[in-house]
Amino acid sequence: MPLVRVRRAMNDGRVKLSDAPGSPTMHRIRLTYMTGPRAGQTEIHALTRHASLSLGRDPGCDVRFHPTEDTVVSRNHAMIEWTLEQPPLFRVSDLLSSNGTFLNGRRIGRSVLLRAGDRVQLGSGGPVLEFSFDEGDDPRTSGEQRAVPSVTQEMDATTLRARLPNLED
C-alpha cells in the first residue's frame, strides 16, 4: 500500500497532503512582506494557477494591499510575469503607477528581470516585498502558511482517510 506524507498543524488538527508518490513538483513564488502593515507575512503563489501576478489595491489584484493603509500603492501598480521554461525567468513591470515601482532601491521604467532575493517596493516609502522562487520539495514551504509548528508523519492512505475526514487534496 503506498505511503503519503502529510503535514498536520498542532493547533487545529487540519491536514494537508504535502506530497504523494508520483505527484509533480509544484513551482511557487514566495513574496515576503518586509515593510508595511503586513511586514513579516509571506504569500505563496503556484505558477500553475496563474499566468502572472498583479499587485495593487484593487480587489481584483492577485497580491492585494490595504486600500487605506497602503495609499502610495496604486490600484493596479505592478505585474510579475514568468516564462514556462526550466528554470522559469521572472520579470517585474510597473503599470504606469503614480508613485513608481522600485527594484532593489532603483526605480524601474520598464519590465526588468527579477531574481531570488530581489526586493520590490511599490511607491517611494511604500511596502517592500522580497521575491523568491522554490520548487515545493521542502516540506517547510508547502502550500499553507502556518504560524505554528507542524509535524510530518508517514501512514498508509487508507488509515489516513479513516482517521481524518477533513483531509484536503
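Which residues have the most contacts inside the largest nonpolar core? They are Ile29, Leu55, Phe65, Ile80 and Leu114, in a core of 22 residues. A nonpolar core is here a set of buried Ala, Val, Leu, Ile, Met, Phe, Trp, Tyr and Cys residues joined through side-chain atoms within 4.5 Å. The model is predicted: local features need pLDDT of at least 70, side-chain atom pairs count only at pLDDT 80 or more, and totals for chains, interfaces and linings use all residues. Residues are numbered from 1 along each chain as its sequence is written, and side-chain values use heavy atoms, with hydrogens and water left out.

**Overall composition**

- The protein chain contains one helix and 14 strands; helices (H or I, at least four residues) and strands (E, at least two) are DSSP runs, numbered from the N terminus.
- Of the 169 residues in the protein chain, 38% are buried, where buried means under 20% relative accessible area, exposed over 50%, and partly exposed in between (1.4 Å probe, protein chains only).

- Not counting residues up to four places away in sequence, Phe65 touches several residues, including Tyr33, Leu55, Leu122 and Leu129; contact means heavy atoms within 4.5 Å.

**Strand pairing around S12**

- Strand S12 (residues 119-122) runs antiparallel to strand S9 (residues 101-103), to which three bridges join it; two strands pair if DSSP finds at least two bridges between them.
- S12 also pairs with strand S13 (residues 128-134) in the antiparallel sense, over three bridges.
- Val120 is the bridge partner of Leu103 and stands opposite Leu129 in S13.
- S12 and S13 form a hairpin with five residues between them, and Gly123 in the turn has a positive phi of about 85 degrees.

**Salt bridges**

- The whole structure holds five salt bridges, each a side-chain nitrogen of Lys or Arg within 4 Å of a carboxyl oxygen of Asp or Glu.
- Arg28 forms a salt bridge with Asp134, with the closest N and O atoms 3.2 Å apart. Arg28 lies in strand S3 and Asp134 in strand S13, so the pair ties together parts that are 106 residues apart in sequence. Both Arg28 and Asp134 are buried.
- The salt bridge between Glu43 and Arg38 has an N to O distance of 2.8 Å. Glu43 is buried, with a relative accessible area of 13%, whereas Arg38 is partly exposed at 24%.
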